[in-house]
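I opened the notebook to look up two things.

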Amino acid sequence: MSLFSADPTLAPYLALILFGFLPSEIWRALAVVVARRIDEDSELFLFVRSVATVLLVGVVVKIVLLPSRELSVAPVWARGGALAVAAAAFFATRRSVFAAIVAGEAVVIFSVWWWAR
């Protein structure tokens, strides 16, 4: 008798919890404990923050310049414009990531709608 034989319809959900959610939650809980002792002005923390920022910028540039499937419908000028509007919204709203995402998505959606007319 396997773990998934009780109710086969629940097998994907159980696998998701066991192999997706729980392993990442352990690391998140450990990060909360460790993060309390980190000095935000330390050289190591500044280095890690810089590396994370550069990786994020790389992913965003890849998405804008080499889009996959549905995003490739939007012309490159629309994706670049959305990036510029998102950056402007980010700084205009006192560094609100949510505002930047909403503004960027609105520009992409509007430009695809406009382009398809």
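I am working on a predicted model, where local features need pLDDT of at least 70, side-chain atom pairs count only at pLDDT 80 or more, and totals for chains, interfaces and linings use all residues. Numbering runs from 1 along each chain as its sequence is written, and side-chain values use heavy atoms, without hydrogens and water.

Entry one, the patch. I found a nonpolar surface patch of about 760 Å², made by V57, V61, L65, L66, V76, W77 and W115. Patch residues have over 30% relative accessible area and no salt bridge, and nonpolar side chains (Val, Leu, Ile, Met, Phe, Trp, Tyr) are joined within 5 Å. Areas are Shrake-Rupley with a 1.4 Å probe. A salt bridge puts a side-chain nitrogen of Lys or Arg within 4 Å of a carboxyl oxygen of Asp or Glu.

I checked the helices (DSSP runs of H or I, at least four residues). Both α2 (43-65) and α3 (76-92) supply at least two patch residues each. The largest share, three residues, is from α2.

I then looked at W77, which sits in α3. W77 is partly exposed at 49% relative accessible area, between the buried limit (under 20%) and the exposed one (over 50%).

The largest pocket holds about 790 Å³ of space. Its lining has 23 residues, and V60, L83, A86, A100 and I101 are the closest to its centre. A pocket here is an open set of points on a 1 Å grid where a 1.4 Å probe fits, with protein on both sides within 12 Å along at least five of seven lines; lining residues have an atom within 4 Å of a point. Two or more lining residues come from each of α2, α3 and α4 (97-116). I noted that α2 gives the largest share, eight residues. By type, the lining splits into 17 nonpolar, two polar and four charged residues.

Terms used:
Patch = residues over 30% accessible without salt bridge, like charges linked within 9 Å, V, L, I, M, F, W, Y side chains within 5 Å. Buried < 20%, exposed > 50% of the residue type's maximum accessible area, 1.4 Å probe, protein only. Points joined across faces, edges and corners; volume = space filled by probe spheres on them. Nonpolar A, V, L, I, M, F, W, Y, C, P; charged D, E, K, R; others polar.
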